[in-house]
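Welcome! Take a moment to look over the sequence and the 3D view, and then we can walk through a few parts of the fold together.

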Amino acid sequence: MSVKKKSLKAQIRSTIRDVHDFPKKGIVFKDITPILENTALTRTITLEFVASLKQEKVDAIVGIESRGFFWGLLIAQELKVPFIPVRKKGKLPYKTISHAYELEYGTAEIEVHEDAIKEGMNVIVHDDLLATGGTACAAAELVLKRKANVIGFSFLVILTFLMGEEKLKGYSTNVKGIVRY
Ligand code: AMP
């Protein structure tokens, strides 16, 4: 069935694969990789994101490793703005700035190249999925450390029951999600 015949949200929902007990027991992992095998659906999602950002003055898309790179780059290409990857500590080759944050057990640290986000830039933080919001907040902290502005967040999926959106409010109330569970 084409993307048009079934609503976009319905098609995304039916294409995402639920993987139970990954990466640990009790978690239902929303596997978005089957969407990437469908070129029409992937393209329609890109255009949906781009349409939702049309009214904003976006200077860059900051994408979170690793699934935030898929549409992060596609959106940035459509908007003709830079794509800036945020990665886990130790993966980026050049000088970085980093931010450590709390996980359920222990801490994590993410980084961005120190010269990638320019002072005063209006940035959208993008990832495939918003869960507790810890990762997206950490990415927002990196943007603020570079004296740039978080003008919004975008996600393919928002797990509303984890209340991640509440945490993001401290950075921006402009939170876009295509599918919510
Ligand atoms: P959080 O920091 O809790 O918002 O977690 C967000 C990050 O973890 C994103 O990069 C997601 O890709 C990933 N993630 C967390 N929970 C899930 C889930 N249930 N299914 C798929 N990805 C998840």
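Which residues of the largest nonpolar core touch the most other members?

## The largest core

Keep in mind as you look around that this is a predicted model. The largest nonpolar core has 29 residues, and those touching the most other members are Ile 117, Val 123, Val 125, Val 143, Phe 153, Phe 155 and Leu 168. Several elements supply two or more residues to this core: strand 3 (60-64), strand 4 (83-88), strand 5 (96-102), strand 6 (107-113), strand 7 (122-130), helix 5 (134-145) and strand 8 (149-158). Helix 5 gives the largest share, seven residues.

Leaving out residues up to four places away in sequence, Phe 155 touches Phe 49, His 126, Asp 127, Asp 128, Leu 129, Leu 130, Ala 136, Leu 168, Val 175, Lys 176, Gly 177 and Ile 178. There is also another core, apart from the largest one, with 24 residues that include Ile 75, Val 81, Ile 124 and Val 157.

## Helix 1 against helix 3

Next, find helix 1 (residues 8-15) and helix 3 (residues 39-52), which pack at an angle of about 130° with their axes 11 Å apart. The two helices are therefore oblique to each other, and their crossing is left-handed.

Where do they meet? Helix 1 brings Leu 8, Gln 11, Ile 12 and Thr 15, while helix 3 brings Leu 41, Thr 44, Ile 45 and Glu 48. Sorted by class, this contact has four nonpolar, three polar and one charged residues.

## Helix 3 against helix 4

Helix 3 also packs with helix 4 (residues 68-79), here at an angle of about 60° and with axes 9 Å apart. That angle makes helix 3 oblique to helix 4. The crossing of this pair is right-handed.

From helix 3, the residues in contact are Thr 42, Arg 43, Ile 45, Thr 46, Leu 47, Phe 49 and Val 50. Their partners in helix 4 are Trp 71, Leu 74, Ile 75, Glu 78 and Leu 79. By class, the contact counts eight nonpolar, two polar and two charged residues.

## A look at His 20

Finally, is His 20 buried or exposed? This residue of strand 1 (residues 17-20) has a relative accessible area of 55%, so His 20 is exposed.

Setting aside neighbours within four places in sequence, His 20 is in contact with Ile 27 and Val 28.

Note on methods: Residues are numbered from 1 along each chain as its sequence is written. This is a predicted model: local features need pLDDT of at least 70, side-chain atom pairs count only at pLDDT 80 or more; totals for chains, interfaces and linings use all residues. Side-chain values use heavy atoms; hydrogens and water are left out. A nonpolar core is a set of buried Ala, Val, Leu, Ile, Met, Phe, Trp, Tyr and Cys residues joined through side-chain atoms within 4.5 Å. Buried means under 20% relative accessible area, exposed over 50%, partly exposed in between (1.4 Å probe, protein chains only). Helices (H or I, at least four residues) and strands (E, at least two) are DSSP runs, numbered from the N terminus. Contact means heavy atoms within 4.5 Å. Axes are lines fitted to C-alpha atoms, for helices over the stretch in contact, and angles run from 0 to 180 degrees between N-to-C directions. Angles under 35 degrees count as roughly parallel, over 145 as roughly antiparallel, 65 to 115 as roughly perpendicular and the rest as oblique. A crossing is left-handed if the near helix is turned anticlockwise from the far one by less than a right angle, and right-handed if clockwise. Ala, Val, Leu, Ile, Met, Phe, Trp, Tyr, Cys and Pro count as nonpolar, Asp, Glu, Lys and Arg as charged, and the others, Gly among them, as polar.
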